[in-house]
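Please examine the model shown below with its sequence at hand. The paragraphs that follow lead from a single residue to the chain as a whole.

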Amino acid sequence: MKFTIITVCRNSEKTIRRTFDAMLAQSCGDYEYLVIDGASGDSTLDIIREYEPRFAGRMKWISEPDNGLYDAMNKGIRMAEGEIIGICNSDDFYEPETLLNLKIIAEKNRDVDVYYGIVRFLDSRGIEKKLRRHSDSFLTEKPMDHPGCFVRRSAYQKYGVFQPRFRIAADYDFLLRLHLQKARFLPMDFIVSNFMEVDGISSIDWRKSQMDARRVRFEHGLLSTPAYSLLYSRYLIGRLLKFFHLLQIILLFFINGDIV
């Protein structure tokens, strides 16, 4: 089997149909589809069961508690049987030609560890905001867009999987680890994935995401201890100021009699 596509989800009833429909619309059917659910409490499992027959045996799924996003991704990687693994989150979706275009490129470039293409960023209305493809040559300075990446299973076996201690930036840690160990990256000149910028945790709490990425750089020796300590102190001060601002608003409501 050429590809394994992994979708990690939890309480994703609002968006996961679009993710499934995009997988069913792929012009290349040479894939297995693994859905790793984190014990959803909404109708996500009902939707998975509804779609399972439509994949004609290509879908496998599990539903159980996990230790976060990257722990769930690691479960999928351990289950994967395809040569190349893609991770498409439950609020994202691939373009119809994504796997076919990737297959053509991968068959001509078999010694590549990571293939990465263009990601289209969408707002809450599904309107395009921007197109982006960060180069792996800048990984020592900033993350790449993980939804646009496909990794050979042999690379996970050689370099390891995600480190769940990074709550938001474990994908950055993984790709940076490969870059520093001279793994081969190959850019692709087509749109791979559509990313809902407003839904993901890295978009909702961008300051925390940014700090987690700085921690990755620090642990890889790319930030000095004084520099990291200064940045972390500023981050904590910012969180405290945000907390006190919220507390001030709540107190004003009580003082003015708006809450009874």
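W61 is found in strand 3, which covers residues 59–63. In this predicted model, the residue has a relative accessible area of 24%. Because buried means under 20% and exposed over 50%, W61 counts as partly exposed. Which residues does W61 touch, leaving aside those up to four places away in sequence? They are V35, L45, I48, R49 and E52. A further comparison concerns T7, which is 54 residues from W61 along the chain; the C-alpha atoms of the two are separated by 9.4 Å.

The chain contains nine helices and nine strands. Its radius of gyration is 20 Å, close to the 18 Å given by the globule rule for 260 residues, so the chain is as compact as a globular protein of that length. Along the principal axes, the C-alpha atoms fill a box of roughly 65 × 45 × 35 Å. Of the 260 residues, 46% count as buried. Among contacts with a separation of 6 or more, 77% are accounted for by residues 24 or more positions apart.

The largest nonpolar core has 33 residues, of which I6, Y156, F162, L175, L178 and F185 touch the most other members. Helix 6, residues 170–180, gives the most to this core, with six residues. Apart from this core lies another, of 29 residues, including L102, Y115, F150 and M188.

F185, a member of the largest core, touches L175, L178 and H179, and its other contacts beyond four places in sequence are V112, V114, Y116, D136, L139 and M144.

The surface and the charges complete the picture. The accessible surface of the chain comes to about 13100 Å², and 54% of this belongs to carbon and sulfur atoms. The chain carries 37 positive and 35 negative side chains, and the centres of these two sets lie 5 Å apart.

Key. Residues are numbered from 1 along each chain as its sequence is written. This is a predicted model: local features need pLDDT of at least 70, side-chain atom pairs count only at pLDDT 80 or more; totals for chains, interfaces and linings use all residues. Side-chain values use heavy atoms; hydrogens and water are left out. Helices (H or I, at least four residues) and strands (E, at least two) are DSSP runs, numbered from the N terminus. The radius of gyration is taken over C-alpha atoms; the globule rule is 2.2 Å times the number of residues to the power 0.38. Buried means under 20% relative accessible area, exposed over 50%, partly exposed in between (1.4 Å probe, protein chains only). Contact means heavy atoms within 4.5 Å. Accessible areas come from the Shrake-Rupley method with a 1.4 Å probe; for residues, only the protein chains shown count as cover. Lys and Arg count as positive and Asp and Glu as negative; His and the chain ends are not counted. The place of a charge is taken as NZ of Lys, CZ of Arg, CG of Asp or CD of Glu. A nonpolar core is a set of buried Ala, Val, Leu, Ile, Met, Phe, Trp, Tyr and Cys residues joined through side-chain atoms within 4.5 Å.
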